[in-house]
Amino acid sequence: MQTEIIYKSILALAVFGITLFIAMYSTYAERKIAAFLQDRLGPNRAGPFGILQPLADGVKMFMKEEMIPEVSNKFLFILGPSIAMLTCLMTGAVIPWGSSITIAGNEYSLQVADINIGILYLLGVTSVGVYGIMIGGWASNNKFSLLGAIRASSQMISYEIGMGLSIIALIMTTGTLSIGEIAAQQHGGHWNVFYQPLGFLIFIVCAFAETNRAPFDLPECESELVGGYHTEYSSMKLGFYLFAEYINMFISSAVIATLYFGGYNMPFIGRFIQDPNALAIIGSVFLFCKIFFFIFLFMWVRWTLPRFRYDQLMNLGWKGLLPLAILNIAITGIVMWFTGKIN
Amino acid sequence: MQSLTNRSKVVGSTKMTLMESIYLPAILNGMMITIKHFFRKKATIQYPEVKREFAPVYRGMHVLKRDENGAERCTACGLCAVACPAEAITMTSAERKPGEEKLFREEKYASTYEINMLRCIFCGDCEDACPKESIFLTDRLVPSDSLRQRFVYGKDLLVEPMEENKRIDISKRQTKEVLEFKKNKELQHNKLIE
């Protein structure tokens, strides 16, 4: 029992550290990819290929002058970025970062907590994330911040519905809410994306909207709202908001990879490697490769598409994705009934 | 009106077709375009290490040339100041004293010669006007500064150094066309006085 607690805390710390590290280097990757897609080179002065740029950015964020507006609600003003950061870091707990490693006869799962309602937990925590943005925008006492916060919250709530319904279809086929089990079921190339292509499409579009990434980055639309909900923020509080976006992106990529692209599973790899520990580690590597691909996709789309207009965004969410998600549930049900999975 | 290219598209507020309202084909199309740029050669020039090459006839900062013996060629005739459309050039003349033959080529010389680099439009008319082959535009850049006064360049900045190896090369600008143009100028004055 004691070893279990120690192991879990080490794993939690590792996940925490890796999440922060990847989020940190996502900022670098974002700038590099943006530059490359625009025929530029991007940051390349701090260290070789600009590899130390995130450190320089971090130091800059910490050293900047801290401004809290006189008219703001100071408690809520500080609470906003804290919630944003807290919630996005909490989501990493239920994602299976690999199968399990056996050391001295004890099996250690590479998932911090395989709770049987993992998906519900994920949806719940991400919807708390809305409060971070809403409280921050409200506490700033600035109309641009408030408008940005309103946009963000209505957008996230709208797209959460599409996301939830697309997951329902997935749960119908998998028959479980545990993310660990869903990942394990996809062993041997039975990736859920082949069974739920429409659901995957809806999910990924909603994931873009949930993380406030382009083309759904209306909450921070510079041309209309200055900086959106973080207009009044400076120093590391702004840094927390921006950082939370990158962590969200990382976690969303991990969720997409786990739910639809087999998680740590890779077909045919079992034929070449027999040792289960090595297989687990290679599985984690594969998972991270998939995650990095989706992070790249997030950035690729961002630097391709212009921003949606707000009415277009709402149209797409309520009149496009929501009926499609319901249709997807119906189709899934019918197919399952005909194939005899339910009776 | 006839269009200049065949790339223009007539746009209107017609309803989107089904394919368009799905968005995805258009998005994939756009992503294919951006990914092509990902692998394309980058346009960036790494400035302090690599400098963009100038055109051979680039018109940058001026130089006042010396002749083969190191004497200033300028005789303060004022033709450059007259030719200057921006009125950037001023000068005062002085008479050469005995013993200064090494410094100034002819009896009259410019005791001060100033070009206001903020007024100058780098047209090169001064170069064309000069009968003594004294002023030339070079491929050097006028450096930035924070004080307007410092942009008025005097002789200390304009006249090229005396040393043989520190002379400013202006031969790149002397293309065939330029030399042809200069043939018409009165070259007798320009010959070295024996």
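Helices and strands are here runs of residues assigned by DSSP, a helix having at least four residues and a strand at least two, numbered from the N terminus. In this predicted model, the sequence of chain A follows the pattern α-α-α-β-β-α-α-α-α-α-α-α-α-α.

**Overall form of chain A**

The C-alpha atoms of chain A fill a box of roughly 60 × 50 × 45 Å along the principal axes. The radius of gyration of chain A is 21 Å, which agrees with the value near 20 Å that a compact globule of 343 residues would have. Of the 343 residues in chain A, 43% are buried. When contacts in chain A between residues at least 6 apart in sequence are considered, 79% of them join residues at least 24 apart.

**The sheet of chain B**

In chain B, three strands form an open sheet with antiparallel pairing, in the order 2-3-5. Strand 2 and strand 5 of chain B stand at the edges with a single partner strand each, so one side of each is left without a neighbour in the sheet. Strands of a sheet pair through backbone hydrogen bonds, in either a parallel or an antiparallel sense. The strands of this sheet span the following residues.

| Strand of chain B | Residues |
|---|---|
| Strand 2 | 89-95 |
| Strand 3 | 108-116 |
| Strand 5 | 152-153 |

Seven bridges join strand 2 and strand 3 of chain B in the antiparallel sense. B:Ala94 has B:Tyr109, in strand 3 of chain B, as its bridge partner.

Notes: Residues are numbered from 1 along each chain as its sequence is written. Chains are lettered from A and ligands numbered from 1 in the order in which they are written. This is a predicted model: local features need pLDDT of at least 70, side-chain atom pairs count only at pLDDT 80 or more; totals for chains, interfaces and linings use all residues. The radius of gyration is taken over C-alpha atoms; the globule rule is 2.2 Å times the number of residues to the power 0.38. A residue is buried if 20 or more other C-beta atoms lie within 10 Å of its own, exposed if 12 or fewer, and partly exposed in between; C-beta atoms are placed from the backbone. Two residues are in contact if their C-beta atoms, placed from the backbone, lie within 7 Å. Two strands pair if DSSP finds at least two bridges between them.
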